[in-house]
Amino acid sequence: MRQLVLVAAVGLAVGLAACGGNPKPVEPSRPVVPAEPPPAPPPSAPRDLAPQQDDYAMLRQKSVDEIDRMGLFADVRFDFDSAEIREADRAVLGKNAEVLKKFDFLKVTIEGHCDERGTVEYNLALGDRRAKAAYEYLVSLGVPAERMKTVSYGKEVPVCQENSEDCWARNRRAKSTVTGKTQ
């Protein structure tokens, strides 16, 4: 019986407390959104700055080594024992020619390279034919001959030294290296 009286008393107290006043409405919780930073003020126009330089003027100011490190020219690949320009590589040389025409002050050396197979003498001669083939194709596209020269490294400067066809194919190339600028 005591328990019944106790339960009734607690229930009555809770009921009276709930009816005792006007409850405040419960606001639905909103996700916390971080405050947006105020907008940045508009940049003030500097008064004594020179107009922005174009690519030509910017490149003209760089050193030959800096320009060469930019990788403006793609290598041309050759089939085994061949110095014939492949169709896909004609497009590569076309892009190289566009760069040489756009930046008409650049001088390049076209390097002929071979894979490790064959004698030193044979590969030097083959590398020379590869460099000259790329040179002649660039001249045919309108690049002035006096801005280019050729050299053969044969098999002496490989980009890869594994004994595999993939590696040998990467070594059979003509590489255009920036070596000077006209005045």
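This is a predicted model: local features need pLDDT of at least 70, side-chain atom pairs count only at pLDDT 80 or more; totals for chains, interfaces and linings use all residues.
Cys 114 counts as buried because its relative accessibility is 2%; buried here means under 20% relative accessible area, exposed over 50%, and partly exposed in between, with a 1.4 Å probe and protein chains only. Residues are numbered from 1 along each chain as its sequence is written, and side-chain values use heavy atoms, with hydrogens and water left out.

On the overall fold, the protein chain has 6 helices and 4 strands, taken as DSSP runs (helices H or I, at least four residues; strands E, at least two) numbered from the N terminus. Their order along the sequence is α-α-α-β-α-β-α-β-α-β. Of the 183 residues, 27% are buried.

Then there is the disulfide, of which the structure holds 1; the criterion is a pair of cysteine sulfur atoms within 2.5 Å. Cys 160 and Cys 167 form it, with their sulfur atoms 2.2 Å apart. The link is left-handed, at -130° about the S-S bond, and both Cys 160 and Cys 167 are buried.

Salt bridges number 10 across the whole structure, each being a side-chain nitrogen of Lys or Arg within 4 Å of a carboxyl oxygen of Asp or Glu. Arg 86 takes part in a pair with Asp 79, where the closest N and O atoms are 3.2 Å apart, and in another with Asp 89, at 2.9 Å, N to O. Asp 89 is buried at 5% relative accessibility, whereas Asp 79 is partly exposed at 38% and Arg 86 is partly exposed at 31%.

Glu 165 pairs with Arg 117, the closest N and O atoms lying 3.8 Å apart. Through shared partners, salt bridges join Asp 115, Arg 117, Glu 165 and Arg 172 into one network.

Arg 147 makes for a contrast. This residue lies in the loop between helix H5 (120–140) and strand S3 (148–154). Arg 147 is buried yet has no salt bridge, and Asp 104, the nearest side chain of opposite charge, is 6.2 Å away. The backbone oxygen of Asp 104, however, lies 3.3 Å from a polar atom of the Arg 147 side chain.

Key. Lys and Arg count as positive and Asp and Glu as negative; His and the chain ends are not counted. A polar contact is a pair of N or O atoms within 3.5 Å; within protein, one must be able to donate a hydrogen and the other to accept it, and residues adjacent in sequence count only if both atoms are side-chain atoms.
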